Amino acid sequence: MSSGAAAVATRTNEALPGRLPRRISWVPFEQAAVQPEAIALVEGEATWSYGRFAEAIRRTAACFDGLGVRPGDRVMIVGENGIALVTLIMAASELDAWPVVVNARLTAAESDAIREHCRPRRVFYTVATSPDARALGERDGAEPIAPDIVPGTCVGGLAETEPEPLERSSARQVGAMVYTSGTTGKPKGVMLSHRNLLYNAAVAKAIRRTMPADRMYIVLPISHIFGLASVFLAGLMGGARIRLVPRFDPQAMLDALAHDGITMAQGVPTMYAKLLEHIEARGIVPRAPHVRFLSSGGGPLEPELKARVERTFGVRLQNGYGLSEAAPVVALTRLDDPNPKSSIGYPPPGVAVRLVDEAGRDVVPGTTGELWTKGPNVMLGYYKEPVLTREVVTEDGWLKTGDLARAEADGRLFIMGRKKELIIRGGFNVHPEEVEAALNAHPAVSLSGVIGRANGTDEDVIAFVEPRPGARVTEDELAAHVAGRLAGYKRPSRFVIVEALPATSSGKVMKARLRELARAL
């Protein structure tokens with residue numbers, strides 16, 4: 001452990017979370033036992049109590065069993081935030097099946113790639129909440145489930161697949177699998193145990209002091225690990241009232257903050273920037289009379305944006321850092337920190353961090369190194385990818401994040417940049433290799449290079465394209481080509497046609513040179 005991490009362990013004065021349930025589905029069951037009439041979920045005008053939620057999970061699990069779902073089966077759930085989505089996740093958990101939660105806003109090709117990789121026993125679509133899920137379900141011939149079980153849900157056919165072995169330990173049994181695109185452009189299934197997820201939820205609940213009196217606004221996608229574990233599961237563990245929102249709309253969020261008694265909301269920096277733009281463009285005087293907690297994650301939080309949000313809403317904007325492979329929390333700011341600056345805070349109790357050089361040796365205190373983490377937050381591995389798993393998780397359990405950080409003397413961490421060439425756009429991860437693979441599939445394209453270019457609180461995706469000899473291709477043609485292959489947030493903001501991409505003698509595209517060219521555009 002680095003000296004910074006040791007300082008954190010002695011100065012945060014916090015204990016590890018106590019007893020954790022064996023499954024994530026047991027969290028709402030425990031709340032139903034103590035406050036069955038309390039409102040758990042809100043979607044539009046619909047409200048479900050914790051008692052009703054628990055009963056729906058049991059009924060849906062029985063439905064799954066009747067549909068041939070077995071322990072160890074992968075269950076793919078395509079949808080957007082809503083009561084149906086979270087009920088399906090919990091029902092899969094109750095059967096010891098693996099919920100594979102997929103954002104319905106992915107293209108059909110992206111969804112198909114995940115399906116081909118994880119080979120689910122069944123695919124469920126939350127058609128009432130998500131028009132995109134409805135379209136995918138119709139394409140796949142999905143049939144409606146009885147509305148008295150999970151309203152607005154369809155299910156695809158039964159696939160002949162092999163279940164994975166059942167693990168009795170919550171630290172070994174997969175509680176959810178979240179897909180992230182890898183450096184090869186292929187989807188990677190991050191296997192997260194029940195303990196991974198529950199530990200993160202318990203930590204987030206404790207640090208944010210979530211309680212039954214809280215009303216949460218969740219617009220972060222629950223298909224993303226930030227929304228699933230650090231927000232939704234943490235809210236359930238605190239017994240809060242949770243409003244589920246499928247898509248971000250600035251006015252809808254302002255209305256909820258003003259009139260729905262919202263006390264807690266989380267988002268990505270881009271969301272807060274758009275919220276402020278909406279307020280300023282319309283001359284709105286925002287009201288958030290009950291809000292006590294706002295936090296940002298999923299991307300770099302600029303000090304200026306942080307200060308503007310705090311002036312607007314009158315509460316401190318908390319920050320944090322994580323990644324899917326850490327389920328996701330590696331560091332969080334604290335409510336009682338008098339001066340968090342622009343840091344990502346401290347590792348939570350039980351989580352160790354190191355800052356290392358290229359050789360894996362601890363860097364000199366106060367200098368920048370790659371951030372490694374170890375603890376109950378680290379994933380089980382990538383599904384069907386043992387070699388890739390060994391590349392990022394050492395034999396003694398350290399997860400290499402690929403991000404660069406420095407630590408102050410008291411252990412407070414600051415992200416300094418990314419070792420990997422990951423682009424973060426709208427809070428979503430965009431891997432250049434995935435975009436390049438889509439571009440290179442065009443018959444007129446010889447080679448492409450994709451980089452990120454800073455744009456205020458966000459990053460633009462810039463694609464440099466080298467046509468095949470004698471071929472011609474336009475920006476419009478390229479845009480149309482990737483539209484059916486990539487989700488909207490992954491599509492390049494600009495295409496630059498070049499005669500030849502800058503390359504090394506071995507043929508490797510020189511990304512540093514492309515970044516220089518992008519800055520000059």
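Two strands pair if DSSP finds at least two bridges between them. Helices (H or I, at least four residues) and strands (E, at least two) are themselves DSSP runs, numbered from the N terminus.

Residues are numbered from 1 along each chain as its sequence is written. The model is predicted, so local features need pLDDT of at least 70 and side-chain atom pairs count only at pLDDT 80 or more, while totals for chains, interfaces and linings use all residues, and side-chain values use heavy atoms, with hydrogens and water left out.

**Exercise 1. Describe the open sheet of seven strands and find its edges.**

Step 1. Write down the strand order, which is 2-1-11-10-12-13-14, and note that the pairing is mixed.

Step 2. Look at the two ends of that order. Strand 2 (46-49) and strand 14 (317-318) each have a single partner strand, so one side of each is left without a neighbour in the sheet.

Step 3. Zoom in on one pair. Strand 10 (residues 215-218) and strand 11 (residues 241-244) are parallel and share four bridges. Here Arg215 has Arg241 in strand 11 as its bridge partner.

Step 4. Contact means heavy atoms within 4.5 Å.

**Exercise 2. Find the residues that touch the most other members of the largest nonpolar core.**

Step 1. Recall the terms. A nonpolar core is a set of buried Ala, Val, Leu, Ile, Met, Phe, Trp, Tyr and Cys residues joined through side-chain atoms within 4.5 Å. Buried means under 20% relative accessible area, exposed over 50%, and partly exposed in between (1.4 Å probe, protein chains only).

Step 2. Pick out the residues. The largest core has 110 residues, and Leu41, Phe232 and Phe313 touch the most other members. Helix 8 (residues 225-237) gives the largest share of this core, ten residues.

Step 3. Follow one of them. Not counting residues up to four places away in sequence, Leu41 touches Ala46, Thr47, Trp48, Phe53, Ile83, Val86, Phe232, Ile242 and Leu244.

Step 4. Check for another core. There is a second, separate one of 22 residues, and Val100, Leu106, Ala133 and Met177 are among them.

**Exercise 3. Work out whether Val102 is buried or exposed, and what is in contact with Val102.**

Step 1. List the contacts. Leaving aside neighbours within four places in sequence, Val102 is in contact with Met76, Ile77, Val78, Gly79, Ser111, Ile114 and Ser223.

**Exercise 4. Explain why strand 25 counts as largely enclosed, and find its partners.**

Step 1. Count the buried residues. In strand 25 (residues 458-467), ten of the ten are buried, so the strand is largely enclosed by the rest of the structure.

Step 2. Sort them by direction. Asp458, Asp460, Ile462, Phe464 and Glu466 point one way, while Glu459, Val461, Ala463, Val465 and Pro467 point the other way. In a regular strand the side chains alternate between the two faces of the sheet.

Step 3. Find the partners. Strand 24 (residues 445-455) runs antiparallel to strand 25, with ten bridges joining them, and Val450 has Ala463 as its bridge partner. Strand 26 (residues 494-497) runs parallel to strand 25, with four bridges; Val465 stands opposite Ile497.

Step 4. The three strands form an open sheet in the order 24-25-26, with mixed pairing. The twist averages 25 degrees from one strand to the next.

Step 5. Helix 13 (residues 432-440) touches strand 24, strand 25 and strand 26, whereas helix 15 (residues 511-520) touches strand 24 and strand 25.

**Exercise 5. Locate Arg334 and identify a backbone oxygen that lies 3.0 Å from its side chain.**

Step 1. Arg334 is in the loop between strand 16 (329-332) and strand 17 (352-356).

Step 2. With 6% relative accessibility, Arg334 counts as buried.

Step 3. The oxygen belongs to Tyr346, and lies 3.0 Å from a polar atom of the Arg334 side chain.

Notes:
A polar contact is a pair of N or O atoms within 3.5 Å; within protein, one must be able to donate a hydrogen and the other to accept it, and residues adjacent in sequence count only if both atoms are side-chain atoms. Axes are lines fitted to C-alpha atoms, for helices over the stretch in contact, and angles run from 0 to 180 degrees between N-to-C directions.
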